[in-house]
Amino acid sequence: MSAPLNYRRILLKLSGEALMGEADYGIDPKVIGRLADEIIEVQKAGIQIGVVIGGGNIFRGAGLAAAGMDRVTGDHMGMLATVMNALAMQDAIERRGGFARVMSAIQIHDVAEDFIRRRAIRHIEKGRIALFAAGTGNPFFTTDSAAALRAVELGADLLLKATKVDGVYTADPARHADATRYDHLTYDQVIERKLAVMDTAAIALCRDHAMPLRIYDMTVPGNLMRIMRGEAIGTLVSDH
């Protein structure tokens, strides 16, 4: 028999960059297809799942602002990029027989529902995968903050951040060969050590609501289900 599942409801944060695969821009169909397969596998196992998707593979508001664009305009463009990614994920999930709903924090009724907390909970309780787009709907807030917010609003048991690195390190492992990986950190340690896990607002929100956060490598097939079965993959951030 397979191991029992440790969670009832989760919120998964996917960065836009994760969807690029080895490309420099856009969406790699193979990557988004594999991610859709893993999300469906977890949902069919009985876990309710919401997903927040970033937009960095298309536009990043902070980057556009650094290039001279008005920050609010850049952030709004970044929000629209996340809607595009969410629609692509919805398509990938539904082509594989799953059920998904895109819910946007900004009104864009022709392609997505408005985010309404009670409706989102109803979707995931009904076995649909809720894809949350447009971040928080406000400029100056990242999709990391949106992920922490949605996790708290949905009453998730765990917030997961899927990255291309197998956890949080003492330094950038790509630049420092002696960097070591943390198995566990507290929220305050992440903030005090200025570790690039999520932005400070997201970590503070997780801390204030005791929302456990796990950072793991999404490029390894099957990692998501292994975590659901209790394997200590990646780095856990919690209150103790």
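This is a predicted model: local features need pLDDT of at least 70, side-chain atom pairs count only at pLDDT 80 or more; totals for chains, interfaces and linings use all residues.
Residues are numbered from 1 along each chain as its sequence is written, and side-chain values use heavy atoms, with hydrogens and water left out.

**The annotated stretch**
- The UniProt record, an unreviewed entry, marks residues 9-216 as "domain: Aspartate/glutamate/uridylate kinase"; such annotations may be inferred rather than shown by experiment.
- Over residues 9-216 the chain is 40% helix and 20% strand, with the end C-alpha atoms 18 Å apart. Helices (H or I, at least four residues) and strands (E, at least two) are DSSP runs, numbered from the N terminus.

**The sheet**
- Nine strands make up an open sheet with mixed pairing, in the order β4-β3-β5-β2-β1-β6-β10-β11-β9. Two strands pair if DSSP finds at least two bridges between them.
- At the edges sit β4 (113-114) and β9 (184-186), each pairing on one side only.

- β1 (residues 9-14) is mostly covered, with six of its six residues buried (under 20% relative accessible area, 1.4 Å probe, protein chains only).
- In a regular strand, side chains alternate between the two faces of the sheet.
- Here, both faces of β1 are covered: Arg-9, Leu-11 and Lys-13 are buried on one side, and Ile-10, Leu-12 and Leu-14 on the other.
- β2 (residues 48-53) runs parallel to β1, joined by six bridges. Arg-9 has Gln-48 of β2 as its bridge partner, and Ile-10 stands opposite Ile-49.
- With helix α1 (residues 29-44), β1 and β2 form a right-handed β-α-β unit: with the strands pointing away from the viewer, the path from the first strand over the helix to the second runs clockwise.
- β6 also pairs with β1 in the parallel sense, over five bridges, and its Leu-159 stands opposite Leu-11.

**The largest pocket**
- The largest pocket has a volume of about 980 Å³.
- A pocket is an open set of points on a 1 Å grid where a 1.4 Å probe fits, with protein on both sides within 12 Å along at least five of seven lines; lining residues have an atom within 4 Å of a point.
- Its lining has 42 residues, and Lys-13, Glu-17, Arg-60, Asp-144 and Lys-161 lie nearest the centre.
- α3 gives the most to this lining, with five residues.

Key: Grid points are joined across faces, edges and corners, and a volume is the space filled by probe spheres set on the points. Buried means under 20% relative accessible area, exposed over 50%, partly exposed in between (1.4 Å probe, protein chains only).
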